[in-house]
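Subject: Structure for you to look at

Hello,

Here is the structure I said I would pass on. Please open it first, then read the notes below it.

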Amino acid sequence: MPDSPLLGFRNVWKTYGRGEAKVHALAGVDLAIAKGEFVAIMGPSGSGKSTAMNIIGCLDTPTAGVYSFQGIDAGRLDRTRRAVLRNLYIGFVFQGYNLLARTTAAENVELPLIYRGVPAHERRSRAMEALEQVGLAGREHHTPGELSGGQQQRVAIARAIVTKPALLVADEPTGNLDTARSHEIMDLLTELNSELGLTVVMVTHEADIAAYAQRTIGFLDGDVASDTSSLEAA
Ligand SMILES: Nc1ncnc2c1ncn2[C@@H]1O[C@H](COP(=O)(O)OP(=O)(O)OP(=O)(O)O)[C@@H](O)[C@H]1O
Ligand SMILES: [Mg+2]
């Protein structure tokens, strides 16, 4: 059943530099992603994946065209309002985990709630719930140095979902993990997508990781070159 659109690109361009040095990182992208989708973005180096992800995550804005998120023309918002939108609706997961060292798993997960002014006792209970959702109950007092790479990425995912975002943006979430750990993380993202209805947009270079997504969008030279849904094929 088609769900309502979460985000959309309409003839989006992102241009860096000027004159001879001008680069079109995005060249007229049209794209829509619905609530609840699990999307993989693939494509060669320099094809515009990270540029698109930065716009999707409301970290950056188009040079031309319209980027809408939750029905809002997010590309026209100033920095402060985009930050509010991110805080409310978007969780981020990166290749390198980005956890605070010498800080426990629970404290790392609580961080976005501190920024939101959630009281301490509620922060702790929500962090514990998120850690349980990612399969890390019992590890809440461990620091990143006391956790494996896969476990650290689980903490990062707990931190991303503790605010109950509508969208999870993940740039190569398994890039630093071995094959077995990568598949465990993908099983977790699949579960969060299906059980919480969390929309997931992920960049990956690996076809077997992209295969977890329902839809794969291929970028080439700053535009969408392919868009395939595994549900259609089934
Ligand atoms: N801040 C910037 N200033 C100038 N050019 C940039 C900037 N960011 C990206 N580009 C250029 O835009 C194009 C797209 O870059 P982008 O980072 O989106 O590619 P990518 O698909 O994420 O590649 P990779 O797989 O290597 O991460 C490239 O030609 C890149 O050099
Ligand atoms: Mg990139």
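Start with Leu167, which stands opposite Thr199 in β8. The two belong to strands β7 (residues 167–171) and β8 (residues 199–203), which pair in the parallel sense over 5 bridges. Two strands are called paired if DSSP finds at least two bridges between them. Helices (H or I, at least four residues) and strands (E, at least two) are DSSP runs, numbered from the N terminus.

Before going further: this is a predicted model, in which local features need pLDDT of at least 70 and side-chain atom pairs count only at pLDDT 80 or more, while totals for chains, interfaces and linings use all residues. Residues are numbered from 1 along each chain as its sequence is written, chains are lettered from A and ligands numbered from 1 in the order in which they are written, and side-chain values use heavy atoms, with hydrogens and water left out.

The six-stranded sheet

β7 and β8 are part of an open sheet of 6 strands, in the order β6-β7-β8-β3-β9-β10, with mixed pairing. β6 (90–94) and β10 (223–229) each have a single partner strand, so one side of each has no neighbour in the sheet. On average, neighbouring strands here are turned by 15° against each other, direction ignored. Axes are lines fitted to C-alpha atoms, for helices over the stretch in contact, and angles run from 0 to 180 degrees between N-to-C directions.

Helix α5 (residues 149–161) packs on this sheet and touches β6 and β7, its direction making about 165° with that of β6. Contact means heavy atoms within 4.5 Å. Helix α6 (residues 179–196) also packs on the sheet, touching β3 (38–42), β7 and β8, at about 135° to β3.

The four-stranded sheet

Another open sheet has 4 strands in the order β2-β1-β4-β5, with antiparallel pairing. Its edge strands are β2 (23–34) and β5 (72–73), each of which pairs on one side only. β1 and β4 are joined over 5 bridges in the antiparallel sense, and the bridge partner of Phe9 in β4 is Tyr67. Strand β4 (residues 64–69) is joined to β5 by 2 bridges; here Ser68 has Asp73 as its partner. The hairpin of β4 and β5 has 2 residues between the strands, and Gln70 takes a positive phi near 55° in it. Helix α1 (residues 49–56) lies across β1 (5–16), β2 and β4, at about 130° to β1.

Ligand 1

Which residues are around ligand 1? They are Tyr16, Val23, Ala25, Pro44, Ser45, Gly46, Ser47, Gly48, Lys49, Ser50, Thr51 and His205, where near means a heavy atom within 4 Å. α1 gives the most to this shell, with 3 residues.

A polar side-chain atom of Ser45 lies 2.6 Å from an oxygen atom of ligand 1. For Ser47, a backbone N or O atom lies 3.2 Å from a ligand 1 oxygen atom. A polar side-chain atom of His205 lies 3.3 Å from an oxygen atom of ligand 1.

Regards

Terms used:
Polar contact = N/O pair within 3.5 Å; in protein donor to acceptor, adjacent residues only side chain to side chain.
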